[in-house]
Amino acid sequence: MRTKLMIQIFLLTTMASCLLSCKKDYLNEVNDNSTLIRQDYVVDLKTTSEFALGIYIKLSLNLDASLIYPDLAADNLKPIGNSPLSALYKWQQQPDESSSSGVRPETGNLNGVSYNAYGAIRSCNFVIEKANEFEKENPALAASLLGQAYGLRAFLHLFLVNYFAQQVNFTSDGSHRGIAYITSSKWTDQGTRLPVKEVYRLAIQDLDRALALPISPTKPIYFTKTAALALLARAYLNTGQLQNAISRSREVIAVKPLMLAGYPNNLFTSNDTEAIFSSPPAAAGANYSVLFPSFYFREFISFEATADIADLLTESATDKRSVWVNKTAVGGWNVVKFPQNAFTSDDFPSNLYYVPLIRSSEMYLIAAESYAKLNRPDSAVFFLDQVRQRADVNAGATTVMGAELLNAVYKERRKELAFEGFRMFDLMRWKLPVKREDAVAGSPKELSYPNDKAIAPIPLLDVKSSGLDQNDGY
């Protein structure tokens, strides 16, 4: 265990690539003869199904830096010491040609996030191609694999468009530059940057395809029909299709209500009943390991909560979420939201929980925000107070209206979804600046809206070799 820890620390401090754990050889797509392993291995529907499971593993391997970023670039997290993400925290990202995983300290860019996500997208496309090719072997299994692959492809593109493009309402018609939407498994097919509204249109199309197929898995560690509905609700909220957002979120709520008994202790564990899509850690004996965000909150502490979010979480002594942060001896705030040892494994305790990607509390907040924006305050308050009063039994009914009601929804969303990878994207969607009351000394306290530095630069290799336009300001 100690040797493993020293390896991770070495990677963190000397290579700055450990914020995404190393892939194992069997997950790579190139063999010793430089031919694609997937083409050698996937020869029927059974092996297609096995390959599809590898996509979920790839997702687990790439969730730490990418989920830390939105809270760190905004106002919920701050770095401790010489963190590899300090440049990102200071909004000083620089484009470069690196293609390694993780975030380089001298540039702070998210090249690795882009390459890893697009790699998983191409794997989804490969599954789609092979499931269609081998459909006759088992039509039900083929349809389930197709549904999962379409859903995951949409999830990954919507994930990327948050990091590398302004939110859809940045322009009045969403016509500004988004990302490439890749529908081929070939690495030579790089695509072109589509308008953000087109990225959402294609993602929604993929999610509708997923819903039309009989996806067989129901566990939240897989992309299920419920996950497709929930991701649609999120996409509709982001694109301002508020009635659609309400319809889809309420469909999810009907089958995945808030977890009442065991909240919040059972969140992110095997007893979590509101998880819609989550990523598990490596099981005992697995030949791969993961590094999840909490590794850098509890094991090798590199980031801490800001006083801004800690004050919100602890403003009521009876709010159950007040235990998500612990005050340190020097006056800082450690993030302890995510459990330890919630899973049997030989990995680090702080990696052993289920990383939340979509959960039902977000659906209640989507409904509340959508109703508030449609000037339907009674319905907005109903869904808002379900979240508020679950967390704090002494929270009174919400009585504010209009802009104050919307601000109450924004506040509750910040509290409930803290450290789960939403904050920067929410501020951009609400067209609000980042205002840090608790910035690291020598670091900027405010990022105005709109701002070029609110998004990451496109990897420079993609700009040079594929002709993709670079983001403004880089």
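Helices are taken here as DSSP runs of at least four residues, numbered from the N terminus. In the predicted model described below, helix α10 comprises residues 242–255. Within α10, Glu251 and Arg248 are 3 residues apart and are therefore separated by about one helical turn. An α-helix has 3.6 residues a turn, so residues three or four places apart point the same way. The side chains of Glu251 and Arg248 meet in a salt bridge, with an N to O distance of 2.8 Å. Glu251 has a relative accessible area of 35% and is partly exposed, because that class falls between the limits of 20% for buried and 50% for exposed residues.

The structure holds 30 salt bridges. Arg321 is paired with Asp319, their closest N and O atoms being 3.0 Å apart. Both partners are buried: the relative accessibility of Arg321 is 1%, and that of Asp319 is 3%. Arg359 forms a salt bridge with Glu416, in which the closest N and O atoms are likewise 3.0 Å apart. Since Arg359 belongs to strand β6 and Glu416 to helix α15, this pair ties together parts that are 57 residues apart in sequence. Arg359 is buried at a relative accessible area of 3%, and Glu416 counts as buried at 0%. Salt bridges with shared partners join Glu274, Glu315, Asp319, Arg321, Lys337, Arg359, Arg390, Lys411, Glu412, Lys415, Glu416 and Glu420 into one network.

Helix α15 spans residues 402–416. At 1.5 Å a residue, its 15 residues should span 21 Å, and the end C-alpha atoms are 21 Å apart, which agrees with this expectation. The buried residues of α15 are Leu405, Leu406, Val409, Tyr410, Glu412, Arg413, Arg414, Lys415 and Glu416. The elements that cover these buried residues include α12 (307–313), β6 (355–359), α13 (360–373), α14 (377–391) and α16 (423–429).

The loop between α14 and α15 contains Asp392. Asp392 is buried yet has no salt bridge, and the nearest side chain of opposite charge, Lys415, is 6.5 Å away. A salt bridge requires a nitrogen within 4 Å of a carboxyl oxygen. Residues up to four places away in sequence being left aside, Asp392 touches Ser316, Thr318 and Asp319.

Phe155 is buried, with a relative accessible area of 6%, and Phe277 counts as buried at 0%.

Tyr163 and Phe425 also form an edge-to-face aromatic pair, at 4.9 Å centre to centre and with 70 degrees between the planes. Because Tyr163 lies in helix α7 and Phe425 in helix α16, the pair ties together parts that are 262 residues apart in sequence. Tyr163 is buried at 1% relative accessibility, and Phe425 is buried at 6%. One aromatic cluster is formed by Tyr69, Phe155, Phe159, Tyr163, Phe223, Phe277 and Phe425.

Arg390 lies over the face of Tyr263, at 3.6 Å from the ring centre, and Arg436 lies over the face of Tyr89, at 3.8 Å from the ring centre.

Terms used
Residues are numbered from 1 along each chain as its sequence is written. This is a predicted model: local features need pLDDT of at least 70, side-chain atom pairs count only at pLDDT 80 or more; totals for chains, interfaces and linings use all residues. Side-chain values use heavy atoms; hydrogens and water are left out. Helices (H or I, at least four residues) and strands (E, at least two) are DSSP runs, numbered from the N terminus. The expected span of a helix is 1.5 Å times one less than its number of residues. Buried means under 20% relative accessible area, exposed over 50%, partly exposed in between (1.4 Å probe, protein chains only). Contact means heavy atoms within 4.5 Å. Lys and Arg count as positive and Asp and Glu as negative; His and the chain ends are not counted. Rings of Phe, Tyr and Trp (its six-membered ring) pair if their centres lie within 6.5 Å; planes under 30 degrees apart count as stacked, over 60 as edge-to-face and the rest as tilted. A charge sits over a ring if NZ of Lys or CZ of Arg is within 6 Å of the ring centre and within 35 degrees of the ring normal.
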